[in-house]
Amino acid sequence: MDIGNLKNMTNAALCTNGSMTFRLATVAVYMLGFFFIVFLCNFLHIFLRRLSQPRIFSECIVGLFLSNLPMIRKHTKGEGIRNTIEYIVEVAMVLHMFVVGLEVDPNIFLEIHLPEAKVAYSAILTTFVMASFLTPFLDIPETSSVPFNLCLSVIISGTASPLLTRLITDLKIGKSDIGRFVVSAGIHTDLVATLLICIGFIIFDPLDGFYYRSVRTVVSMVSLVAVEVVVAAKVTPLIMNWVNRENPEGKPMKCSHLVLAVAYVVMLCSFSPLCVKYNKILSSFLAGVFMPRDGRIAKMMIIQVNYFFNAIFYPLFFFWVGTEAQFKQFQAGKLQTWARIAFVFLIATFGKVIGAGLSGVMLGLHWQDSVATGLLLNIKGHFHVYLAIMATNMNYTSISTSLALVFTTLLTVVYTPLVVSSIIRRARRHAPTQRMALQWLNPSSELRVLMCVRGTQHVGGAANLMAISRGPLDPGILVHLTDMVELTDRIAATLAHNQSMDAVTVTDPTVVEMREQITTGVNAYLDEDGDGITTHRMLALSTLNNMHQDVCILAEDLSISLIVLPFHKQQEPSGRLDLGHAGFRHVNRKILRHAPCSVGILVDRGLGATALSRSAISLYAAVIFIGGKDDREALAFAGRVACHSGVKLTVIRFLLEAAGDSVSSIVTMARANTAEHQEEMKVDDECFADFYDRHVAGGHVAYMEKYLSNSGQAFSTLRSLEAQYGLFIVGRGGRVNSLLTVGMNDWEECPELGPIGDILSASDFSATASVMVIQQHSLKGELDGLQEEFSIM
């Protein structure tokens with residue numbers, strides 16, 4: 001080999017190494033720049049969060065600002081860089097729409113009878129009609145195109161349900177009735193609008209001037225998309241269930257199975273785009289909608305993709321928007337530009353508000369709730385921004401027009417915090433400002449109780465509970481004995497309306513006979529020992545879905561302090577509880593959530609069969625006191641029970657014992673020394689000291705203390721009380737950082753009873769011990785601050 005060739009080879013190698021080094025350095029610079037964008041987004045979000053503005057604003061500001069800096073634009077002019085960013089965005093949008101579809105249940109179309117579905121479809125219809133008639137006058141496309149305007153009208157009618165859900169959750173109304181209503185309606189709106197776009201892509205060709213496709217093309221595209229949907233709905237569950245069975249929860253996922261699942265999903269989403277050139281993003285959405293969303297694989301996909309979006313993609317997305325649409329091409333000096341922004345925004349907003357308002361009023365919703373729902377359903381998101389930019393790339397609109405549509409999209413998010421704050425203000429106004437609870441009841445006032453029964457089997461328990469809870473004969477107790485009757489078609493056919501049309505009379509023979517038997521049974525008890533007890537008969541006649549509203553309205557109108565509900569399970573002759581009535585279980589849960597006063601659930605396992613006597617001890621009762629507002633309410637109720645001469649009451653207080661230098665002891669003491677826990681313990685001690693002076697010090701009530709270290713000892717202690725008492729009075733929960741109940745929720749069979757009540761009412765506990773579980777009324781207004789769970793609809 002001569003010297004010349006060796007020099008040439010050396011120079012070539014050096015050039016290759018230098019080129020590789022330059023490329024690696026370039027990649028490193030771009031990676032640093034990208035992480036700088038993410039850092040700026042997080043930094044700016046800290047300040048915007050104080051204004052209750054969502055994260056999308058910080059992402060938009062940082063992305064658009066940086067991408068339009070002269071220095072940045074100089075380095076992103078090249079086609080290679082722009083194409084790379086566009087490919088990344090396109091792949092990310094495929095993943096985004098796939099997860100959006102995966103989170104939607106296709107059976108949602110079976111729920112069109114629900115109010116939120118009717119509101120959603122009404123809002124879509126009115127917005128689409130308004131947009132179809134008005135958008136042609138805005139000259140949004142460069143050349144007049146009816147199919148383009150129809151597509152734009154569908155886009156304007158849609159909702160960004162992922163962004164809406166995130167905003168509702170971040171603004172702390174996700175657990176309220178209107179929050180759940182809006183999220184459900186948003187899913188309906190988003191699904192319908194996106195499906196219309198999917199259908200429109202089959203009929204019109206956006207890559208060829210939105211001209212109609214040939215019949216042959218439409219048929220082939222429909223056929224292959226249908227095959228993809230069928231495979232997603234029928235074949236995918238077989239594969240995913242096999243992978244889920246082979247990789248149960250708690251064990252590492254096998255790499256081969258994960259690769260197989262991901263490869264299958266990619267193949268499924270690519271089927272129609274490869275065969276008939278269907279849109280990749282819409283294909284992934286359809287595959288996601290009809291794929292099963294249960295199982296480990298689906299959950300992993302949703303979690304990982306959403307994390308990728310929130311942490312990485314969204315800042316890059318708006319950076320791409322800025323590279324595609326330069327600010328200097330935004331025609332801010334033209335009135336037509338601002339008119340487009342204003343009119344598109346007004347069409348979308350008024351269309352949603354009018355549709356949601358009219359349907360809401362027809363469904364009996366408050367007009368404020370309907371307007372708020374319409375405004376929140378108007379939210380647009382990343383998919384709508386993507387479509388606006390793609391319209392420019394396909395030469396349908398100018399860059400200025402696309403930027404106007406992007407700004408309009410952001411305007412639909414700006415007012416969201418204002419709408420939510422209005423909802424919260426209204427909720428605070430309607431929230432009760434008086435504690436309707438036994439603990440705060442004036443001793444000189446009579447106790448007002450709404451005693452609910454579902455049949456003659458509850459008469460004995462209701463009568464004996466009235467007797468032992470009447471307290472002092474003066475002022476006594478006022479009981480509104482309420483029959484909970486499910487409104488069926490058979491009963492509805494027998495209703496007789498009074499002249500006022502506001503009240504109805506039930507003429508069904510079965511219901512009439514049941515009510516008469518209940519009245520006769522209760523009167524028989526009261527004739528023997530009814531001093532201090534006044535009863536009124538009431539009726540809650542409604543469907544199971546709405547019965548909780550009737551009960552809560554009755555309680556509010558009658559100034560009730562305590563609602564007593566029968567447990568949904570009944571005791572069988574063998575002593576065990578049956579499976580119960582699932583419908584009334586949900587009624588009990590809803591009343592616990594929405595009640596305007598304290599609520600008690602009675603698990604009757606012998607209380608109704610007890611023959612109470614005032615001359616001798618006929619019932620041994622115990623109240624378990626650990627701490628918290630519900631236990632204090634249970635103690636207040638026990639104070640009334642202590643006044644009955646035939647009841648021997650014992651107060652058992654569980655105290656936390658944390659002695660020694662072990663790690664667990666140190667952790668226990670650290671948890672107990674929090675400010676919230678100390679304040680709660682102070683209130684507990686004051687309440688218990690008052691009870692002790694009133695009842696225990698005089699010898700009327702027995703007192704026991706149990707020093708325990710953990711929930712395991714608490715469980716063992718509760719089990720040791722079996723067969724000693726015929727009635728347990730316990731609080732449902734409301735305990736602050738209680739280490740004596742931690743972990744008990746993991747095996748609860750009936751969460752509505754709380755951890756202690758669930759243990760005492762378990763089928764393997766005493767068959768002769770009844771349980772009274774009490775939840776104290778919790779203010780959600782000015783006194784305790786607005787909670788996440790509230791109801792204003």
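**Exercise 1. Find which elements make a right-handed β-α-β unit with E3.**

Solution. Strand E3, helix H18 (residues 459-468) and strand E4 make this right-handed unit. Helices (H or I, at least four residues) and strands (E, at least two) are DSSP runs, numbered from the N terminus. Right-handed means that, with the strands pointing away from the viewer, the path from the first strand over the helix to the second runs clockwise.

A word on the model: it is predicted, so local features need pLDDT of at least 70 and side-chain atom pairs pLDDT 80 or more, while totals for chains, interfaces and linings use all residues. Residues are numbered from 1 along each chain as its sequence is written, and side-chain values use heavy atoms, leaving out hydrogens and water.

**Exercise 2. Work out how E3 pairs with E4 and with E8.**

Solution. Strands pair if DSSP finds at least two bridges between them.
- Step 1: E3 and E4 (residues 477-486) run parallel, joined by seven bridges; here valine 453 stands opposite aspartate 483.
- Step 2: E3 and E8 (residues 562-566) also run parallel, with three bridges; methionine 451 faces valine 564 across this pair.

**Exercise 3. Describe the surroundings of cysteine 60.**

Solution. Start with its place: cysteine 60 lies in helix H2 (residues 55-67) and is buried at 4% relative accessibility. Next, leaving aside neighbours within four places in sequence, its contacts (heavy atoms within 4.5 Å) are Phe65, Phe318 and Leu410.

Notes: Buried < 20%, exposed > 50% of the residue type's maximum accessible area, 1.4 Å probe, protein only.
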